[in-house]
Amino acid sequence: MLFQFVTFNLKKRLFPATVSIAFSAFEIKPQILSNIFLLGLLGFVLLMFAIAKVCYAADPQPYIVTLESTTNTQLDKLLADASTLISLQKSAEVGPFALLARAKQDQERFVMAMQSLGYYQGKAVLHIASHTLDDPELFDYLSSSAADPPVPVTASFQLGPQFHLRQIRIAGEVEQSIVDVIKLKTGDKAIAEEVLAVRTRLLNALLEQGYALAKVDEPVATLSLESAELDILFKVDSGPKVKLGHIAIVGLKNTDESFVRERLLVSTGQAFKSSDIETARKDLNELGIFSAVRVSSGQQLDQQGQVPLNFDVAERPLHSANMGAAYSTDLGGSLSSAWLRRNLFGHAEQLSLSAALTQLGGNSTTGLGYKVGAAFSKPDFLVRDQALQIGLDALQQNFTAYNETALLAHTMLNRKLSQHWQGGYGIAAEQAQISQENIQRDYTLLSLPLTLKYDSSNNLLDPTQGSIASAALTPTYSMGGSHQPFVLLQVSASTYLELGEPGRRVLALRGLLGDSAGASQFDLPPDKRFYAGGSATVRGYKYQSVGPKFADSVPQGGTAIAAASVELRQRIMDDYGVVVFADAGQVSVNALPFSNRWQMGAGVGARYYTSFGPIRLDVAVPVNPVPGSGSFEVYIGLGQAF
């Protein structure tokens, strides 16, 4: 027996009914024709009224569904997911006639679900009360049934044997490396999803080996009822191995085509390889100036026997503007806005202007703050994968620990080292006026920051897998006064582990270490010292409140820091989530990390998942509070805490 091998599809299927009416033509007098037309129209209206009365006048018939267990957990879940009786029970009430139709539809869907797991002789038997679906008395029973109690609907299943694979063949000449991707073998269970996945693997393997015109038909299955086995045949037409021909770039408006071509990771004459083409597509997309990059190969070879390639790009708008807001009980509220100009000179350059009003209230602030800035970036500066970044910022910060007014400028070269690694180096200057404990000092600093970052996470605002690690070494020299030169070192890392269903439950871990050399605690400018407390280190404590303090409880800041966090994120339904977390941290003076008392905070949070990222609400309390730490802290923002 031959049949089409398909997986079970949970999408609803519609069965439209059609009605045809035939007429024969003969001669009729106009007056008679007019009367017939009026009578026909009246009859049609009465007929439609009668149909509407039958279809819609019936009261909804409540019901309760019971699916008997098959002892196969995977199949039981698939049957429950397949049932429209279950999925529509509360959202779409039905009358007796529609209930019967829904039950018959489920009967077909149950059979398809059983077949998708290899039970090709499986049967589903449904009863409404004690009636089978083909019982002629069932409709009358439903029409006369009361709404309470609900009508019981039960489904039982006769699985029969689970079929296994017997023979797996390929029709067509292919290399052994292509055959090896099949992975299925004689004796395996005949799971439709796994069989169909072989077709995809075969096609991908052929495209990876250079067979750009390869075709793999849907598998043909031969069913043996006597032995409960399946023979599977894959028909393959590999075609010739080819090289890339002309590469077209379509959709460019404001971008210089020569820039895009120079950046392309594939070229004419190169051997066709699907993974290389996909890497080139992703690389273009990462420029940030395209909203979409699609790539397709020609359906036939050119005169040189090569396959043409087409990159179809959609450019993002040249300008964009955004606004943001955040709030925490320690830092108060903040309002920010930014304006971005993309593709400034046609080579993916970007210019952004930003402004923010900060410290709107808060128990760790002493007044309003602000930050305004401009940033320019140019990709592929001097060499490929090296970006030039120039920034200029003016800011004012009024914290309990210190008050600062500063002008900062930096020039950095950031280089992509591999898929996940990137490094940076540059020069930065700072002119600052900082007061702490009523002592005001001016600082003119010149630094040479060195950075290294690893990022394999899957999402910027809501990572669920992968890791992020960074290290920053910042030698700094004072241009005036008697301040000592110093070096700051900071290392941080976070990792994300999925527990169970992807993206639904995530264990997130974070760690931070920082140290300084060359200057003592008070030789370091107050804004360069290490502080803990707040959403970035130890939640539950006021911002910068963990660590050494002056006699009046004002934070001093230290020369070393250590902090760690653990967070369990559980998604609920589609748009909501809950979080439990614990943080710990300490700040040391003139000593290495881990040498001072650890402060711990713990809390819970809620998440609302939007299309652009989760909105975060965290509430934390100090576990071992210190004087002035407060009883709790609240944090509201966009994206996960880390």
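Reply: In this predicted model, helix α2 passes helix α4 in a right-handed crossing. The two axes come within 9 Å of each other and cross at roughly 150°. Because angles over 145 degrees count as roughly antiparallel, α2 and α4 are to be described as roughly antiparallel to each other. On the α2 side, the contact is made by Leu 75, Leu 78, Leu 79 and Ala 82. On the α4 side, Asp 106, Arg 109, Phe 110, Ala 113, Met 114 and Ser 116 take part.

Helix α4 itself has 21 residues. From its first C-alpha to its last it reaches 30 Å, close to the 30 Å expected at 1.5 Å a residue. The buried residues of α4 are Pro 96, Leu 99, Leu 100, Arg 102, Ala 103, Gln 105, Asp 106, Arg 109, Phe 110, Ala 113, Met 114 and Ser 116. Just after α4, Gly 118 takes a positive phi of about 95°.

The largest nonpolar core has 26 residues, of which Tyr 63, Leu 85, Met 114, Leu 126, Ile 128 and Phe 157 touch the most other members. Two or more residues each come from β2 (63-67), α2 (73-82), α4 (96-116), β3 (123-128), α5 (138-144) and β5 (151-158). Among these elements, α4 gives the most to the core, with six residues. In soluble globular proteins, nonpolar side chains tend to be buried together.

Beyond its neighbours within four places in sequence, Leu 126 is in contact with Leu 85, Ala 103, Asp 106, Gln 107, Phe 110, His 131, Thr 132, Leu 133, Thr 154 and Ala 155. A second, separate core of 23 residues includes Phe 163, Ile 178, Leu 206 and Val 216.

Some backbone details complete the account. Most residues other than glycine have a negative phi, and most peptide bonds are trans. Against that background, the peptide bond from Asp 148 to Pro 149 is cis, with omega near 10°.

Gln 359 is found in strand β15, residues 350-360, and it counts as buried because its relative accessibility is 7%. Asp 380, also not a glycine, has a positive phi near 50°; its place is in the loop between β16 (369-378) and β17 (386-398).

Ser 258 is found in helix α8, residues 257-263, and counts as partly exposed because its relative accessibility is 46%. Ser 258 and Ala 326 are 68 residues apart in sequence and 42 Å apart in space, C-alpha to C-alpha. Ser 418 lies in the loop between β18 (403-416) and β19 (421-436), and is partly exposed with a relative accessible area of 32%.

Note on methods. Residues numbered from 1 in each chain as written. Predicted model: local features only at pLDDT ≥ 70, side-chain atom pairs only at ≥ 80, totals over all residues. Heavy atoms only, no water. Core = buried A, V, L, I, M, F, W, Y, C linked by side-chain atoms within 4.5 Å. Buried < 20%, exposed > 50% of the residue type's maximum accessible area, 1.4 Å probe, protein only. Helix = DSSP H or I, 4+ residues; strand = E, 2+ residues; numbered from the N terminus. Contact = heavy atoms within 4.5 Å. Expected span 1.5 Å × (residues − 1). Axes fitted to C-alpha atoms, helices over the stretch in contact; angles between N-to-C directions. Parallel < 35°, antiparallel > 145°, perpendicular 65-115°, else oblique. Left-handed = near helix turned anticlockwise from the far one by under 90°.
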